[in-house]
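Good morning, colleagues. I shall take the pocket, then the strands, and then the nonpolar cores.

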Amino acid sequence: MKHHIPCIQPKAVIFDLDGTLLDTAPDIIAACNATLEHYGFEHIDEELARSKITAGMRELLRLAIPQDKQDQNMIEGEMRDYFAKYYTDNINVFTKPFDGMEQLLTDLEKAGIKVAIVTNKYFDMAQKVLSKYSFYQNLSLILGCDSVSNYKPHPEPILHTLEHLNIGPYDAVYVGDHLNDIMAANRAKVHSAVAMWGYGPKECGNPNEWHAHFILNSVDELRQLCLKD
């Protein structure tokens with residue numbers, strides 16, 4: 001259903017990464033399956049994995065392994081480390097930007113609108129996956145969960161980004177697909193926008209109850225929000 005999206009013309013657009021800017025789920029699931037296979041377990045059901053893709057490596061392993069066969073020390077330690085290494089080594093095999101996103105980033109740059117990334121992914125992983133794309137050189141800042149003391153839903157990474165960009169809260173919009181994104185954005189007093197094309201709406205309940213300023217059904221609606229015709 002189409003709905004009116006006002007144009008707020010922000011000075012900066014701050015993006016979540018997984019499920020907002022890039023569709024990273026296929027590579028996360030592939031790494032999970034490689035780990036399970038290595039330790040003698042069956043692959044995770046893809047639909048189940050996609051319903052919990054933001055829950056983290058350990059949680060995906062717990063979802064996949066029958067409870068009576070789970071060794072928590074292995075999941076917390078050796079298996080999680082194997083998962084992380086495999087994923088880092090194969091981080092951009094199937095990952096791709098959501099449709100229309102690369103053109104939007106190009107057009108934001110042309111319009112003089114700054115673009116930053118605030119993600120709960122580790123910084124090294126975020127930088128590695130982003131560095132493959134031409135828009136990487138135009139990013140003003142990348143913050144991972146280990147870049148600051150507190151990560152989303154705490155507002156610290158967004159507040160740090162505003163300070164780095166030297167702009168006020170209402171000059172920025174934070175776009176994310178997860179409830180934690182919207183909570184962090186609202187606490188930082190920036191415009192908050194739900195990316196309905198991402199993973200969070202399947203994981204975190206009804207986005208209409210997240211108290212976001214905007215609910216965006218497509219990348220095109222994000223374009224309407226940020227750029228004049």
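Let me begin with the term pocket. On a 1 Å grid over the protein atoms alone, a pocket is an open set of points where a 1.4 Å probe fits, with protein on both sides within 12 Å along at least five of seven lines; a lining residue has an atom within 4 Å of a point. Grid points are joined across faces, edges and corners, and a volume is the space filled by probe spheres set on the points.

This is a predicted model, in which local features need pLDDT of at least 70 and side-chain atom pairs count only at pLDDT 80 or more, while totals for chains, interfaces and linings use all residues. Residues are numbered from 1 along each chain as its sequence is written, and side-chain values use heavy atoms, with hydrogens and water left out.

The largest pocket holds about 750 Å³ of space. It is lined by 28 residues, and those closest to its centre are Thr54, Ala55, Gly56, Asn120 and Lys121. Helices and strands here are DSSP runs, of at least four residues (H or I) and at least two (E) respectively, numbered from the N terminus. Helix H3 (57-64), helix H4 (72-89) and helix H8 (179-188) are the elements that give two or more residues to this lining. The largest share, five residues, comes from H3. By class, the lining of the largest pocket has 12 nonpolar, six polar and 10 charged residues; here Ala, Val, Leu, Ile, Met, Phe, Trp, Tyr, Cys and Pro count as nonpolar, Asp, Glu, Lys and Arg as charged, and the others, Gly among them, as polar.

I turn to the strands. A residue is buried under 20% relative accessible area, exposed over 50%, and partly exposed in between, with a 1.4 Å probe and protein chains only. Strand S6 (residues 172-176) is largely enclosed by the rest of the structure, because five of its five residues are buried. On one side of S6 these are Ala172, Tyr174 and Gly176, and on the other Val173 and Val175.

What pairs with S6 in the parallel sense over four bridges? Strand S1 (residues 12-15) does, where pairing requires that DSSP finds at least two bridges between two strands. Phenylalanine 15 has valine 175 in S6 as its bridge partner. S6 also runs parallel to strand S7 (residues 191-195), joined by four bridges. In S7, alanine 193 stands opposite valine 175, and histidine 191 is the bridge partner of valine 173. S7 is mostly covered as well, with five of its five residues buried.

Finally, the cores. A nonpolar core is a set of buried Ala, Val, Leu, Ile, Met, Phe, Trp, Tyr and Cys residues joined through side-chain atoms within 4.5 Å. The largest has 55 residues, of which Phe15, Leu21, Phe83, Leu108, Leu130, Leu222 and Leu225 touch the most other members. Helix H1 (residues 25-38) gives the most to this core, with six residues. Apart from this core lies another, of 17 residues, among them Val118, Leu143, Tyr174 and Ala185.

Contact means heavy atoms within 4.5 Å. Not counting residues up to four places away in sequence, leucine 222 touches Phe15, Leu104, Val175, Trp197 and Leu216. Leucine 60, in helix H3, counts as buried at 2% relative accessibility. With neighbours up to four places away in sequence again left out, leucine 60 touches Ile28, Cys32, Ile44, Ala49, Lys52, Ile53 and Phe83.
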